[in-house]
Amino acid sequence: MHEYSIALDVWQSVFAAAREHGGGRVQSIKLEIGALNMIQDEQMTFWVEALAEQDGSPGVGLDIIHLPARVRCLKCTAETTPEMATSPALFFVPPVLQCGNCGSGDVEVVGGRELRVVSAEVEEKEKSDGAAGETRASRPSLD
Amino acid sequence: MRLFETTQSGSVEIQIGEDLQAKQEELAERNRQLFTERGIRAFDITGSVGAGKTSLIAEMVARLSAKNHAVAVIAGDVATTHDAERVVGKGAKKVLQINTGGMCHLDANLVARALEQMPTEGIGVLLIENVGNLICPSFFSLGVEARVAVVSANEGAHVIEKHPAMFQSADLVVMNKVDIAEAVNVDLAQPIADLQKLRPGLKVVKTNCLAGEGVGEVLQALGLA
């Protein structure tokens with residue numbers, strides 16, 4: 001569910017960049033997402049698409065590059081990628097944050113929290129029809 | 001600097017390179033500075049719906065107020081003002097309810113906006129009750145001094161194992177409703193062992209917040225006693 005607020009940040013960032021470059025329709029967005037953000041691609045795509053459509057860019061495509069979790073062990077100092085439990089019966093499983101070398105849970109996270117908007121493909125303005133105009137993605141109200 | 005590259009299809013590839021994680025951290029850092037400037041010690045109280053966050057906060061407010069600490073509370077919920085109302089009568093100087101309107105967590109931006117609405121003059125301690133959720137709030141730093149994760153016996157023996165991110169990010173764990181552990185057939189040795197494995201040395205305080213048991217120890221652990 002936290003996908004929504006992250007999608008909003010993603011879209012605001014892309015929308016601002018697209019406007020700066022003429023305000024054409026956004027066709028695709030490239031993101032880098034670390035495994036520890038526990039973001040489901042499907043939900044993320046759903047929300048970014050919904051927000052983009054509202055701002056005049058329907059059918060935006062999302063290219064998500066997944067970055068693995070990395071931990072540094074405070075006991076044996078090894079830097080490892082924590083194991084992800086996999087099973088066809090399990091839909092979504094967070095990585096277990098323990099050292100892949102000695103098994104200690106006393107680890108420091110050194111990778112996997114990344115959340116980066118890498119780039120966006122934006123239609124050139126003259127080819128864009130009904131493109132992103134003055135509407136803005138807005139944060140939900142406090143009240 | 002942005003780089004532009006024209007593609008054959010009449011569209012351009014805009015290099016954005018915006019680090020949203022860093023942006024969140026920056027907002028949290030701004031809150032942290034603001035708390036320092038105003039001399040406010042702020043705490044983020046997280047936990048599931050029904051874990052006992054409001055009961056803990058109400059008891060903390062009562063005890064701190066009795067010792068003449070000026071306490072403010074920000075209560076985050078999807079809707080309603082029930083939690084804010086519960087702490088009003090306990091002696092809090094300021095209580096502000098944030099209704100997130102569907103968002104499952106507070107973030108640094110929402111807290112910053114709440115602080116704009118809430119005068120904090122003279123306030124020494126700020127307790128921020130996060131939205132009842134053991135998952136999403138763990139990814140959002142608010143810029144506080146410490147995060148207190150409240151977990152109750154009735155959440156089951158495997159609650160720690162199931163929610164590693166929250167307990168990775170916690171500075172103190174409050175294990176609440178220890179009085180009903182037996183009735184709900186939960187052996188608390190299990191979550192405590194899981195915590196020790198996940199976060200060796202992390203402080204755990206057992207409480208029964210409704211009866212006020214253990215709350216003094218929570219205040220002590222946070223350096224508020």
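This is a predicted model: local features need pLDDT of at least 70, side-chain atom pairs count only at pLDDT 80 or more; totals for chains, interfaces and linings use all residues.
**View 1. Helix α2 of chain B and its surroundings.** Because 11 of the 14 residues of α2(B) are buried, this helix is largely enclosed by the rest of the structure. The buried positions are K53(B), T54(B), S55(B), L56(B), I57(B), A58(B), E59(B), M60(B), V61(B), R63(B) and L64(B). The helix covers residues 53-66 of chain B, and at 1.5 Å a residue its 14 residues should span 20 Å, which agrees with the 20 Å that separates its end C-alpha atoms. Following α2(B) comes N68(B), a residue with a positive phi, near 65°.

**View 2. Overall make-up of chain A.** Chain A contains two helices and six strands, and read from the N terminus on, these elements follow the order α-β-α-β-β-β-β-β. Of the 143 residues in chain A, 41% are buried. Among the contacts in chain A with a separation of 6 or more, 76% are between residues 24 or more positions apart.

**View 3. Strand β1 of chain A and its two partners.** Strand β1 (residues 26-34) of chain A runs antiparallel to strand β6 (residues 115-123) of chain A, to which seven bridges join it, and within this pairing L31(A) has V117(A) of β6(A) as its bridge partner. Seven bridges also join β1(A) to strand β2 (residues 61-67) of chain A, in this case with the strands running parallel, and here S28(A) stands opposite G61(A) of β2(A). Between β1(A) and β2(A) the chain crosses through helix α2 (residues 41-54) of chain A, forming a β-α-β crossover that is right-handed.

**View 4. Strand pairing between the chains.** Strand β6(A), which pairs with β1(A) within its own chain, also pairs with β2(B) in the antiparallel sense over seven bridges. One of the residues in this pairing is S119(A), whose bridge partner in β2(B) is Q15(B).

**View 5. The contact between chains A and B.** To this contact chain B gives 35 residues and chain A gives 38 residues. On the side of chain B that touches chain A, the elements giving two or more residues are β2 (11-19), α1 (20-38), β5 (94-99), α4 (108-117), α6 (164-169) and α7 (189-198) of chain B, and the largest share, nine residues, comes from β2(B). By residue class, this side of chain B is made up of 16 nonpolar, 11 polar and eight charged residues.

How values were computed
Residues are numbered from 1 along each chain as its sequence is written. Chains are lettered from A and ligands numbered from 1 in the order in which they are written. Two strands pair if DSSP finds at least two bridges between them. Helices (H or I, at least four residues) and strands (E, at least two) are DSSP runs, numbered from the N terminus. A crossover is right-handed if, with the strands pointing away from the viewer, the path from the first strand over the helix to the second runs clockwise. The expected span of a helix is 1.5 Å times one less than its number of residues. A residue is buried if 20 or more other C-beta atoms lie within 10 Å of its own, exposed if 12 or fewer, and partly exposed in between; C-beta atoms are placed from the backbone. Two residues are in contact if their C-beta atoms, placed from the backbone, lie within 7 Å. Ala, Val, Leu, Ile, Met, Phe, Trp, Tyr, Cys and Pro count as nonpolar, Asp, Glu, Lys and Arg as charged, and the others, Gly among them, as polar.
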